[in-house]
Amino acid sequence: MLQKSESRSLPIPQAEGERDGGRDGETLAASQEEAPRPLLHESPEEDPGAVREEGAAEPALTPRGARASARRRARRRLGRTVAELVQLLLVKDRKKSPVTRSQMVKHIIGDLRPLFPEIIARAAEHLRSVFGFELKQLGRKHHTYILIDRPKPLEEEDLGGDGPRLGLLMMILGLIYMKGNSAREAQVWEMLRRLGVCPSKYHFLFGYPKRLIMEDFVQQRYLTYRRVPHTNPPEWEFSWGPRSNLETSKMKILGFVAKLHKKEPHWPVQYREALADEADRARAEASEG
């Protein structure tokens, strides 16, 4: 079960170019300067920090490649819109202000209005799974929405603890699994930024996220943090800790990731690995019995 750590003894490494900052009581503001990106990449091969070198020539695209590129851009834009809507709802909830559909369309959704049902459904899933809130519609006539606290932790099983911190941990476990069972430190901080969360600044749900991860999650053995061999300058990575392996499973985390994407698990490599993990667990239980 997640616990608040009594110790603050572990150092908090700095991601390159980042400095700790913020202060208690600092509230989250919705930033319009840099739109959040999709929360979890669907493909483990994608590098969330990869950008094309400035001035590099775009490869020539076949008609089929152009269509695929257009679909990827559409998915990325949809993911950004969902993340921005989540942030708007969280900020409004700080003042307990309801949000109308017309406000969502005006400030966030814009010309994606025909996709409103999909956007609001995905935003609701992120709010439930990651932040521990339920999105409720107050009045159908004016399409007014509010957030309410979930009465019980996420799935009422495994990794018990409070909703937002548990949701963040499951996001990190999902990222690690989709990246091949380890994720570079920079990838974890990048995922937080997609959530609209600055790793080193106070957040009204997570406290100081980097401290929560580096101290609570690591000290409680939900995560393992180690240096990547043969890297210069040194790089660090996260993997599942022994407590996570005991309290949840790869199949459950894969299901969590699939719910965030609103689809059935369709990652064959991860799915086969999760099936093998389930079989190993069943054999271990049988031998103990």
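Visitor: What covers the buried residues of α5?

Guide: The cover of those buried residues includes α1, α4, β4, α6, β5 and β6, where contact means heavy atoms within 4.5 Å. The model is a predicted one, in which local features need pLDDT of at least 70 and side-chain atom pairs count only at pLDDT 80 or more, while totals for chains, interfaces and linings use all residues. Residues are numbered from 1 along each chain as its sequence is written, and side-chain values use heavy atoms, with hydrogens and water left out. Helices (H or I, at least four residues) and strands (E, at least two) are DSSP runs, numbered from the N terminus.

Visitor: Why is α5 called largely enclosed by the rest of the structure?

Guide: Eight of the ten residues of α5, which spans residues 185-194, are buried, so the helix is largely enclosed; buried means under 20% relative accessible area, exposed over 50%, and partly exposed in between, with a 1.4 Å probe and protein chains only. The buried set is Glu 185, Gln 187, Val 188, Trp 189, Glu 190, Met 191, Leu 192 and Arg 194. Just after α5, Gly 196 has a positive phi of about 80°.

Visitor: How do you know that Ile 172 is buried?

Guide: Ile 172 has a relative accessible area of 0%, and it lies in helix α4, residues 163-178. Leaving aside residues up to four places away in sequence, Ile 172 touches Val 188, Met 191, Ile 213, Phe 217 and Leu 223. The C-alpha atoms of Ile 172 and Leu 223 are 9.0 Å apart, although 51 residues separate the two along the chain.

Visitor: Why are α4 and α6 called roughly perpendicular?

Guide: Their packing angle is about 90°, with the axes 12 Å apart, and axes are lines fitted to C-alpha atoms, for helices over the stretch in contact, with angles running from 0 to 180 degrees between N-to-C directions. Angles of 65 to 115 degrees count as roughly perpendicular, under 35 as roughly parallel, over 145 as roughly antiparallel and the rest as oblique, and α4 and α6 are therefore roughly perpendicular. Arg 165, Leu 168, Leu 169 and Ile 172 of α4 meet Leu 212, Ile 213, Asp 216 and Phe 217 of α6.

Visitor: What makes α3 and α4 roughly perpendicular to each other?

Guide: α3 and α4 pack at about 100°, with their axes 6 Å apart, and they are therefore roughly perpendicular as well. Ser 129, Val 130 and Phe 131 of α3 make the contact with Gly 163, Pro 164, Gly 167, Leu 168 and Met 171 of α4.

Visitor: How do you know that the buried residues of α2 line one face of the helix?

Guide: In α2, residues 101-109, the buried residues are Met 104, Val 105, Ile 108 and Ile 109. Seen down the axis, they fall within an arc of 110°, so they line one face; the arc is that of the directions from the helix axis to the C-beta atoms. The face turned away from the buried side carries Ser 102 and Lys 106, which are exposed.

Visitor: Why are β4 and β5 said to stand at the edges?

Guide: The open sheet of three strands has the order β4-β6-β5, with antiparallel pairing. β4 (183-184) and β5 (223-227) each have a single partner strand, so one side of each is left without a neighbour in the sheet. Strands pair if DSSP finds at least two bridges between them, and two bridges join β4 to β6, residues 236-240.
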